[in-house]
Amino acid sequence: MELAFWTYEGPPHVGAMRVAAGMRGLHYVLHAPQGDTYADLLFTMIERADRRPPVTYTTFQARDLGADTAELFKTAAAQACERFRPEALLVGASCTAELIQDDPGGLARGLGLPVPVVAVELPAYSKKENWGSAETFYRLCRAFVRPAAAPAPRASCNILGPTALGFRHRDDVREIRRLLEALGIRVQVVAPAGASPSDLARLTEAHFNVVLYPETAGPAADWLARAHKMPRTRTIPIGVGATREFIREVAELAGVEPRDLEDQSRLPWYARSVDSTYLTGKRVFIFGDATHAIAAARVAAREIGFSICGLGTYSREFARELREAAALYGVEPLITDDYLEVERAIEAAQPELVLGTQMERHIAKRLGLPCAVISAPVHVQDFPARYSPVMGFEGANVLFDSWVHPLMMGLEEHLLAMFREDREFHDGALPSHLGAGRIAAPSPALTAAAASAPAAGGPDASPLAAAAAPGWTAEAERELRKIPFFVRGKARRNTERFAAERGIRTITVETLYDAKAHFAR
């Protein structure tokens, strides 16, 4: 384990909470110290859930460690069962409680509770959140799925994978369900989100399983295929091309004729329209969970015309799939859960757009780059009140808008260049509601003083630190402002880097153009 300011995934018990919080009739008793109750905020604050997750914590404290913490757990489990009256009880330990080795499963089963008890062992020091979600759903399926009493109708399926706190899961399920029903395929159960333990028992009443999120549903779907001979889908319907393939795949499994439903998507035409030609070749860096990152790379490259300059994931369980995808685009795969390594990779790649998680949004903002979020972990703004899927044909529309809007539109780019020196619209003009005026440019004296000032850190600062912050002449600053603002930050960084590497303390117009020629090679 290591101390970090940010993590892409929480410990595995948070994954178990995501499954429990999405289900009905299931209560999770978590053996955990007082501080681990922070996880409630993930659901009530970030996802805006209208109820607390169905979790009871034992909340032992330091003084309890010298007593009988097992009794604390047994009391909490019995009280939770009596108070909430669930269909089933899920029990486990947090990363801290794992060290005590109280065996929550054995303790709960020994209580003789009137409901089934499902124990999940989640090794917190070797596994993480998505694995915890997958393991929990798999264990619940093993506990409750029963053989079908009669052969299932061929044109019937389950949708597997959505959980609480999932990126656009609510709307993805609605979109894919609508698509399946348009093909004449009945959806039997959606799980884990929205399902109860008794619903899981009915999974075998469908002919096949639609797996939307392999990180969560992969192990359970594979077990259902082995134990109950239920086929599963492999195509993730993100983007127009993948949705077409998904329709063909489910139609074959269901024995129905595939229908042309593509008129619902405007992405293909918008991507070919005149104002979108500026998108061609835009360099994009993509990072997220494996499912969304791989799908985003396909949409970006094949459907919008971006150039992939970086592709990575924090999902180590899907490293092979990510490497195969990276090879298709001729980039080095980045498989890491260290956000600082991701930041260095983005800086080195110098993309024009970043597609990532909440952390990549922060990184892109610091670097002055456009960004769109495509994957968990996300913050509150990525649980919109509006209908906003990323799967299916409507999801393709959402992707186009979400990715293109952060970029400078082609017509606007031309207008900015055309009116750059206009007295009202130039970069130095004050906002119109403040009246006539001009934003003051730095004076030559001030710029010169900045160039000659010692580097931050005082007289003992290293020569490298001093060289890292060269000053700009007034003429160079004016020339820099002629560069469109959406790439001006990149031009400034490249020029300052060029100057620092050559020991240039003051950047002139000539330095600016020398740097431009250097990086254009």
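Helices (DSSP runs of H or I, at least four residues) and strands (DSSP runs of E, at least two residues) are numbered here from the N terminus. The model is predicted, so local features need pLDDT of at least 70 and side-chain atom pairs count only at pLDDT 80 or more, while totals for chains, interfaces and linings use all residues. Residues are numbered from 1 along each chain as its sequence is written, and side-chain values use heavy atoms, with hydrogens and water left out.

**Backbone features**

Pro377 is found in the loop between β12 (371-373) and α15 (392-404); Ala376 and Pro377 are joined by a cis peptide bond.

| Peptide bond | Omega |
|---|---|
| Ala376 to Pro377 | about 5° |

Leu165, a residue other than glycine, has a positive phi near 65°. Leu165 belongs to the loop between β5 (156-160) and α6. With a relative accessibility of 12%, Leu165 counts as buried; buried means under 20% relative accessible area, exposed over 50% and partly exposed in between, with a 1.4 Å probe and protein chains only. Gln350 is not a glycine either, and its phi is positive at about 50°. The loop that holds Gln350 runs between α13 (339-349) and β11 (353-356). Gln350 counts as partly exposed because its relative accessibility is 23%.

**Surroundings of Glu175**

Glu175 is part of helix α6 (residues 169-182). Its relative accessible area is 1%, so Glu175 is buried. The side chains of Glu175 and Tyr387 form a polar contact of 2.5 Å. Such a contact is a pair of N or O atoms within 3.5 Å; within protein, one must be able to donate a hydrogen and the other to accept it, and residues adjacent in sequence count only if both atoms are side-chain atoms. Leaving aside residues up to four places away in sequence, Glu175 touches Gln264, Tyr387, Pro389, Met391, Gly392, Phe393 and Glu394, where contact means heavy atoms within 4.5 Å.

The structure contains one cavity of 30 Å³ or more. A cavity is a set of points on a 1 Å grid over the protein atoms alone where a 1.4 Å probe fits but cannot get out, and lining residues have an atom within 4 Å of a point. The volume of the largest cavity is about 40 Å³. Among the residues lining the largest cavity are Phe167, His292 and Trp403. At least two lining residues come from each of α11 (290-304) and α15.

Key:
On a 1 Å grid over the protein atoms alone, a cavity is a set of points where a 1.4 Å probe fits but cannot get out, and a pocket is an open set with protein on both sides within 12 Å along at least five of seven lines; lining residues have an atom within 4 Å of a point. Grid points are joined across faces, edges and corners, and a volume is the space filled by probe spheres set on the points.
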